[in-house]
Structures are given as C-alpha cells and as structure tokens.
There are 2 protein chains.
Amino acid sequence: MPAFLSSSALRALRDIYPGDALVTDPAELLVYGADASRGRAQPWAAVLPERPEQVVETLRLAHLERIPVYPRGRGTNRVGACLPLEGGLVIATARLNRILEITPEDFACTVQPGVITAALRDACAARGLLYAPDPASVAYSTIGGNLAQNAGGLRALKYGTTRDWVLGLHAALPGGSILRTGSRCHKDVAGLDLTRLFVGAEGTLGFVLQATLKLIPLPQASASLLAVFAAEDQAPLAAADALASGVLPAALEYLSAEAMEALEHLGDAPWPAGGRSALLFKVDGSPESARADLARLRNALERHSPAFLEQGDTPAQEDRLWNPRRQISQAAFHFGPNKASDDIAVPRGQVANAVARIRNIARSRGLVPVVFGHLGDGNLHVSLMHDASEPDQARHAAQAKQEVLALTIELGGTISGEHGVGVSKLDWLERMRGPEAVSIMRQVKAVFDPHGIMNPGKAY
Amino acid sequence: MPAFLSSSALRALRDIYPGDALVTDPAELLVYGADASRGRAQPWAAVLPERPEQVVETLRLAHLERIPVYPRGRGTNRVGACLPLEGGLVIATARLNRILEITPEDFACTVQPGVITAALRDACAARGLLYAPDPASVAYSTIGGNLAQNAGGLRALKYGTTRDWVLGLHAALPGGSILRTGSRCHKDVAGLDLTRLFVGAEGTLGFVLQATLKLIPLPQASASLLAVFAAEDQAPLAAADALASGVLPAALEYLSAEAMEALEHLGDAPWPAGGRSALLFKVDGSPESARADLARLRNALERHSPAFLEQGDTPAQEDRLWNPRRQISQAAFHFGPNKASDDIAVPRGQVANAVARIRNIARSRGLVPVVFGHLGDGNLHVSLMHDASEPDQARHAAQAKQEVLALTIELGGTISGEHGVGVSKLDWLERMRGPEAVSIMRQVKAVFDPHGIMNPGKAY
C-alpha cells in the first residue's frame, strides 16, 4: 500500500469529483477521521459521490493504485469500524441519500446507502408499511451503516436485525465492477446468498450502492408494560415466564439495580424507590391483540409479585414508561465520570448468571456495572463506570472489560450482539470464532477484494 | 477426479464405516442415486455415518483422493440437488438424526442434519415453542436438506424461510476440519456471516454436522379464511387490499381458475362452481388477535364482492378449507397425464400479470397451466399439464417452461422461490444473476472446497 495519494491519483479523483465533492483540506478532513468509538485517524482525502458511477470509478482507481478505501455513513458506530487507520480515501454516503422507491404492492423499497434510517421508517409508515430495524441511532444513522454493521435494536426480538430485512443489493467492488445480488422477491434461493454475506461485513467486501429492503404491514397499535421487582434476579425469571405465556413481544428490555439507581438519581423514574430489577415490554399488532397480549404478560408477571406494574397504550403513556430506558446511558455517569462500555449477547437463559458475574467482576475492581439491554435477545449493554483520574481505575476498567468478554465466550455468547467488531474487538474474534473460521473469512474477503483495499484492518 | 473408488479408498471407508454403514451393492445403491426431481445417477458407494467424526474422516479422505461427495437427506428436493452425477460417494444423514437439545429458556434447539423437520416441529410444540419453517415436505424432509435448499413453505410470509431460523452451525469441510459458525445467541455480529452462507448452498461448501435453530413462543390459536372470486384477476387485487388492512397473515395462498377447476373435478371443493380465482388465508397468534385479524381481512375482502367466503377457527374447520390446497398437485392431472412444473417467485405486485402471461404461454402451446402458491411471497408453483404421448406436447412443455423462466426474470423475479437450482436450473442462473455474481459464488466455494469435491456440478 502507498503511504499517500499519488499526484496522478489525486488528479483522477479531481476529475471524478468536481467542486466540493473532493475534500483534501486537513482541517475539513478531521470530521471524516472520527466515529462514535472516539477513535481518530486522518484520511488522505474524502469524496462525496452523488452518482453510483463515481463510486465505481473510484474503486477502479483504488484497486489499481492500492489505495485503502473506507466507506462511511454518519460515523455512529461504536467499534471504530469506519476509522481510516491506514490513511487512504473515505467514501462518504452523505449525497447518495435518496429513497429510490417505496412499492406497497411488493412490500419492498429501494434506497441509497446514505438515507437516514428514521427517514425511511417514517416514509414507509406514511404508506402504511413497517421497516422494523430500529437501532438506538435510528434518527441519525444510515441504511448503509446499518447494513455494514447489521444493526439490531429494540425490536429485534420480534422482527430480527437489519439482515432479515434485506432482499437485494447493488454493490461496487474493487476493480470497478458492480455486483447485483438478490431480487425484489421475498423468497429467492438461486445460488449462494451473497446478499446476507454483505450485511455485517463492515464494508470489507465492497461499497453498497443501493439496497432493496423488505417491508411488512404497519402494526396498527402498540402497548407497553413496566414491571419492577424487589430482587436482583427476579426480572430474568419473570421474563422467562412471560415469554412462556405464548406472547412474542416486539421489545423486552432489562434494567439492572444499578441502572435503576442511576435513573432514580436523575429524578423522574416512574417507579417507587427500592426496585432492584425491572422489565419493559412493548407489544404491537392489532388493537385487540396488543390488549390481549398485554393482559397475558401481566398475568405471567403478577405471579412474580412485582413491586410496581404499570401499563400504557397511548403514545404519551408509552413514552413515560420508555423514557427511563432512553436515559440510562446518560444517567450512568451518576456513578463516575468515565465509562468502559460493551455490547455482548449471551444465550437468553444465561442472562441472570451473566449479570451476576459481571457485577462481581466490576465490584472486585471498584467499578460500578450498569447493565441493561435487550433481554429478549440476551443482548446486554454493559457500562463499567469509574473515575479515570483515580489511581488504577482506567486500568481496572480496561481489564474488567476483557474479563467480561472472556465470560461471554465462556457462557456461549458473542463478543458483539449488535455493534460489530470494527477494530475494538479484533483481538477477540479469533478467540471466539476459532482460527479456522477467521481464516475462511479472510479468504472470502480476498475473492471480492484481492488487494485488501476495502476497510483494511477491520472486522476479522 | 478419479472415475471410481480406489481399493485403498474403499479399505479406508470400510475402516470408518463398519457393518452396513458402507453400501457398495449396486442394487442397494439405487436408492441413493435418485431424488424427487426424478433424475437418476449411480454413486460408487454410500455411507451412513452415526457420529460426526466419521464425516470428518470421510471428508479428509475425499479431499485427498478427489472423491466427489454428495450429502443426502431424504432426497425430497425437486431440482436434482442430491444426484451423484459424477459417481462418487453419497453421505446420507439418516443416522445423524438426533435432536441434541431443545432449550426453552434460550428459545433455541440443536439438531443433527438427519432429523425430520416435522419431528422437530412437534417436539418443539410439545414444549410450547414454534419452529416455523414448513416446506410442503415437512413430514418427510430433513433439517439438513431444508438447510441445504433454504426450504420455504406456507408460513414464510410471516415467519421467513429456513435461513431466518438458523443461529449457528458445525460443518465438516473438505480436508477434515470442522467449521463452527454463529452461536446460541439470537443476535450475533462478529465477523462475516458464514452461517447464512451455508444455508441454501445446496451442500456445495461442506457437510452440516449440527445446526442450532431459533425458536419462538408457539402461537396459541389460528384461524383460516377462504375467499372465492368470479374473476381471474380479482384474487391478487383483493389480496393487496387485505394486506393493506394491516394484518400480516401467517399464510396467503392463491388458486388460479385452472387449479380450482381441477379441484372441483376431484369432487370435494368447498366452494360453489363458477369461481375463477381464490385466496386462502391463515392467521395465528393469541385467540383474540386471530379473531380480530380475521375480521379485518374479511372486511377488506368483502369490498371485492367474493362469490364465496368461509372462515374456520377449529382444526376441523381449518382442515376443510386447506384440504383443497393440499390436493392441487394431484388434482392437476385432471388436465393431462404429464406435468412440467416449476417454482418461481416474482415481486408480489407482479403476480396477476405473471399469472396472465403464464396462461398465454401455456395456452398458445396447447398446455393447461395450473398456477397456485404462496401469493404473499410472490412465490408461484406452475404446473404445465400435457399429454407427452401426443405429438410435440413434451417439446412444447419444455419450451413453455423455458419461456416461464424468461418471463420471471423479465418481471424482476427469481428462477427459484424455494426449491433451489440443483442441476435443473443451472443453465438459468447466470442469466438471472449475471456472470460476475456466479464467478464470485464459484470462487467463494473454492475457499471452502479447493478441489471441488462437494456436490460438484450443482447450484452455481
């Protein structure tokens, strides 16, 4: 790989990207070198294609000249997946941001990668259709980024992750060819499934030019239920019973004692003091089914004598119940100015065990563990709160984070439930997947990208 | 590739497979050389492993000696996907047939490939859990075969296909290594998704030793609705309105005029004569939601003035409505002793157009088209009925089949909705996917199987 952009490559890029679509000013480039992992790197240049042909030409050039290429949406990922660590060229999707069509009669839409996920969700909802993936970043992350990281979210329990909503892709490959995968059909088994291989590949195979996504009828109603328990291990037990009642909630969230304490300190938690674990359910469907499902969940939960049980079926009531969940990340700073956070998943039956053992790991090092997340999927967000200005606290936090990942693997879980590997967890992938699988991933990448220019050093 | 099994290879296989687990008798081998495509080929030998280690040893040997290997479940596939066309060795899954565990607290189960899908479904149902994929062959096809072909079925509209239910795999690869993919977690984004790459790969990458599958709570109730219309194009229009009512049915089936006529001739169609198209809905969920969803669908359908509308919510009533659907394949022979059948999918909005044009293709050649299938997915089964003993009819049927595939591609559809490519549609894959995509598929296969021993000549 070269160490900078050759003058001929720069000239070629100027031809492809007139005006402000080519960014080379170091100060302007700062924004293309950071992401929500808080990592930072400086690319040699960034480009803002408006047309797919520009991407194709760029990948032809980059392949020839071995220029590292970093696809970039809004940089909301948490694992450094879009950091230009080897310099190179950032290709931003910001101007490839059109919803190309929403076709209710096909239950499908086609979008460019720079479309903000919430914008698509809202445009679909206006047509009576649901695009279900809803990562926490839904209001500012893009479909392209969601595809790269296989974004999950609150509703994955019922509706799956981004991968389950992709019917087909057009992707530019290194060398300048266009790969077309899948179709507009909801069922399609013809050849290897290259579509889903791209989802979650963290931009290492090619650059997604457009995606055809699956839609379903928009549920007409939803309702929510908050249950607070006096014991730490009660919530996972009650959750298991609730799910055994035959209801598949759209979302099932868990709040640990520490998460609740942080929220109480923030001031507007809707529950009385003293709760040590909580569950938050959302059901959706027809008004009749939402009502019936809520009643069924309530029955199951009442057998566990909750200290507090409140339901809501208007938007305002539901918001009141969900607001604390949205504030946990912020509220956690009650326990310390610094956070070492992680995104793991364990088999759902291991959630109570995982939470207890994470608590031990953290407490033994003087850290406060704030654990919360998508209990229905076993997908837990772990924030280890500490004060990095205290002696050894930063080191303890880093070591505890490693112990949490080791525990996760021991419990049959995964080092990433929904954020991906990026660079943050690269050291852990082989430990989890084994050398055989990682070697195969790298060889598969080489089929698409023989010179290794696509987002080098990421994901696997 | 060799043309027969060397004596040293045969000795090695005898060591791995004592007693009747190695089949070499030509008469006994007949059963391992046929599948539901009605194709036929003779393998050199067949083996019946009982332990995963035997498969691993076999793939080490086959890799070294370049022996073609054909994984085989129950041979129910319709596209020749398990025919041993180059001789070689059939590895049958019949004795790898254990359900290893069903774990309600994880919403997961782990099974060997030879488990019959209906047996797994029933074992899960007994624990209050749903394994949803339900290909028509569910009572006699295996999980391994369902994985290889990414089996679909009636309920794919709501629940997706086999791919959507696979969390992780153990697979033996050529050379004798074991690849472990995925996990027991419902969310897992760590590295390339090799799990879903295996699903639908038609046994070309490796031999699946065990699969961990996702489960959800078993719906407590279901209900069905049959609507018959006096016009040929009414059913797809009414279906679009029904889906716009906000209900996502578990199944939505379509019967064309010819399918109805064939069923009427069989004698026990529940509708009065004169219908020209029909829809069959199944909804599931809580009893309240099933009732409410059915009322909503009924309202939407009544705007299209159906000639007949009947609903049922007991098993006996539902069976009465669904029995005709199950009998179409057989009933179609009313129109002729021979059948050229196909499994296509088109974007759902194109179903009415596709049916009309398929009718023209068939009629212009003197064939009777019996079209039916999973309208919700745009997945149509097309049977071109004819009498092959009449002059030119067999040729016309073969040509019409090709025209139907060409039409499918023109409409943005897929040459296979749920049966796969096998050998039957190999000629069509590149026309649909393009040479770039097919070349990539072959290179990806070479990563797993550098000598091309796994099910050679199939799928892509």
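Start with chain A coloured by sequence position: of its contacts between residues at least 6 apart in sequence, 73% join residues at least 24 apart, where contact means heavy atoms within 4.5 Å. Keep in mind that you're looking at a predicted model, in which local features need pLDDT of at least 70, side-chain atom pairs count only at pLDDT 80 or more, and totals for chains, interfaces and linings use all residues. As for conventions, residues are numbered from 1 along each chain as its sequence is written, chains are lettered from A and ligands numbered from 1 in the order in which they are written, and side-chain values use heavy atoms, with hydrogens and water left out.

Now switch to cartoon. Chain A shows 15 helices and 18 strands; these are DSSP runs, helices being H or I with at least four residues and strands E with at least two, numbered from the N terminus. Its C-alpha atoms fill a box of roughly 70 × 60 × 40 Å along the principal axes. Of the 460 residues, 63% count as buried (under 20% relative accessible area, with exposed over 50% and partly exposed in between; 1.4 Å probe, protein chains only).

Next, show both chains. What superposes chain A on chain B? A rotation of 180° with 0.0 Å of shift along its axis does it, at RMSD 0.0 Å, fitted by least squares on the C-alpha atoms of residues with pLDDT of at least 70 in both. The two copies are thus related as by a two-fold rotation axis. To find that axis, select Ser289(A): its C-alpha comes closest of the chain A residues, at 2.1 Å. The copies meet through the same surface, since 100% of chain A's interface residues are also interface residues in chain B.

Stay by chain B and pick helix α8, residues 234-244. Its buried residues include Gln234(B), Pro236(B), Ala239(B) and Leu243(B). What do the buried residues of α8(B) pack against? From chain A there's β11 (216-217); from chain B, β12 (221-229), β13 (251-256), β14 (277-285), α10 (287-302) and α12 (351-364). Just after α8(B), Gly246(B) takes a positive phi of about 95°.

Two more backbone stops. Most residues other than glycine have a negative phi. Arg66(A), in the loop between α3 (52-65) and β3 (69-72), has phi near 55° and is partly exposed at 34% relative accessible area. Finish at Asp392(B), in the loop between β18 (379-386) and α13 (393-410): phi is near 70°, and at 44% relative accessibility Asp392(B) counts as partly exposed.
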